[in-house]
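I am opening my notebook on a new structure, and I will write down what I look up in the order in which I look it up.

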Amino acid sequence: MLGRFRELVHLRVSNADDKWHRNDLNDTLFLCTASSYADIVAGEKKMTSYLMRAQGKVPDGARLFRRMEDALPAISTAAA
């Protein structure tokens, strides 16, 4: 979880064009935790994009989706 958080913060800080907003640190912390321990995570476009970019450098985690409608088939399969 910490490796994923470190990688995501590194990607965010390295991108000078990306401005931090009020709730970004909370999103980063909680989505990193969720993507480390959950099977499926649906999140906002920007944070999910960063998580997908970090996937190759950290251990496997949750399947990531940018839209809930894309996640529904995976949720149905996991629930069955």
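This is a predicted model: local features need pLDDT of at least 70, side-chain atom pairs count only at pLDDT 80 or more; totals for chains, interfaces and linings use all residues.

**Entry 1**

The axes of helix 1 and helix 3, the latter made of residues 45-54, come within 9 Å and cross at roughly 115°. Angles from 65 to 115 degrees count as roughly perpendicular, and helix 1 and helix 3 are therefore described as roughly perpendicular to each other.

I then turned to helix 2 and helix 3, whose axes come within 11 Å and cross at roughly 50°. Helix 2 and helix 3 are therefore oblique to each other, and I wrote down that helix 2 passes helix 3 in a right-handed crossing. I looked up both a distance and an angle because two packed helices are described by the angle between their axes and the distance between the axes.

**Entry 2: the salt bridges**

How many salt bridges does a search of the whole structure find? I noted eight salt bridges from that search, and I kept in mind that side chains of opposite charge can pair when their charged atoms come close.

I looked up the pair D18 and K46, whose side chains meet in a salt bridge with an N to O distance of 3.4 Å. D18 lies in the loop between helix 1 and helix 2, while K46 lies in helix 3, so this pair ties together parts that are 28 residues apart in sequence.

Is D18 buried or exposed? With a relative accessible area of 13%, D18 is buried, because buried means under 20% relative accessible area. K46, by contrast, is partly exposed, with a relative accessible area of 27%.

I next checked D24, whose side chain meets that of K46 in a salt bridge at 3.5 Å, N to O. This pair links distant parts of the chain, since D24 is in helix 2 and K46 is in helix 3, 22 residues apart. D24 is buried, with a relative accessible area of 5%.

I also looked at R67, which forms a salt bridge with E69, and the closest N and O atoms of the two are 3.2 Å apart. R67 counts as partly exposed at 44% relative accessibility, whereas E69 counts as exposed at 53%. Looking over the salt bridges that share partners, I found that they join R12, D18, D24 and K46 into one network.

**Entry 3: a nonpolar patch on the surface**

Which residues form a nonpolar patch on the surface? I listed M1, L2, L29, F30 and Y37, which together have about 580 Å² of accessible area. The largest share of this patch, three residues, comes from helix 2, which covers residues 24-37. I looked up M1 separately and placed it in the segment before helix 1, which covers residues 2-14. M1 counts as partly exposed, at 32% relative accessibility.

**Entry 4: one buried alanine**

A74 is buried, with a relative accessible area of 9%. I also compared the positions of A74 and D39, which are 35 residues apart along the chain, and I recorded a separation of 9.4 Å between their C-alpha atoms.

Key. Residues are numbered from 1 along each chain as its sequence is written. Side-chain values use heavy atoms; hydrogens and water are left out. Patches are made of residues with over 30% relative accessible area and no salt bridge: like charges are joined within 9 Å, nonpolar side chains (Val, Leu, Ile, Met, Phe, Trp, Tyr) within 5 Å. Accessible areas come from the Shrake-Rupley method with a 1.4 Å probe; for residues, only the protein chains shown count as cover. A salt bridge is a side-chain nitrogen of Lys or Arg within 4 Å of a carboxyl oxygen of Asp or Glu. Helices (H or I, at least four residues) and strands (E, at least two) are DSSP runs, numbered from the N terminus. Buried means under 20% relative accessible area, exposed over 50%, partly exposed in between (1.4 Å probe, protein chains only). Axes are lines fitted to C-alpha atoms, for helices over the stretch in contact, and angles run from 0 to 180 degrees between N-to-C directions. Angles under 35 degrees count as roughly parallel, over 145 as roughly antiparallel, 65 to 115 as roughly perpendicular and the rest as oblique. A crossing is left-handed if the near helix is turned anticlockwise from the far one by less than a right angle, and right-handed if clockwise.
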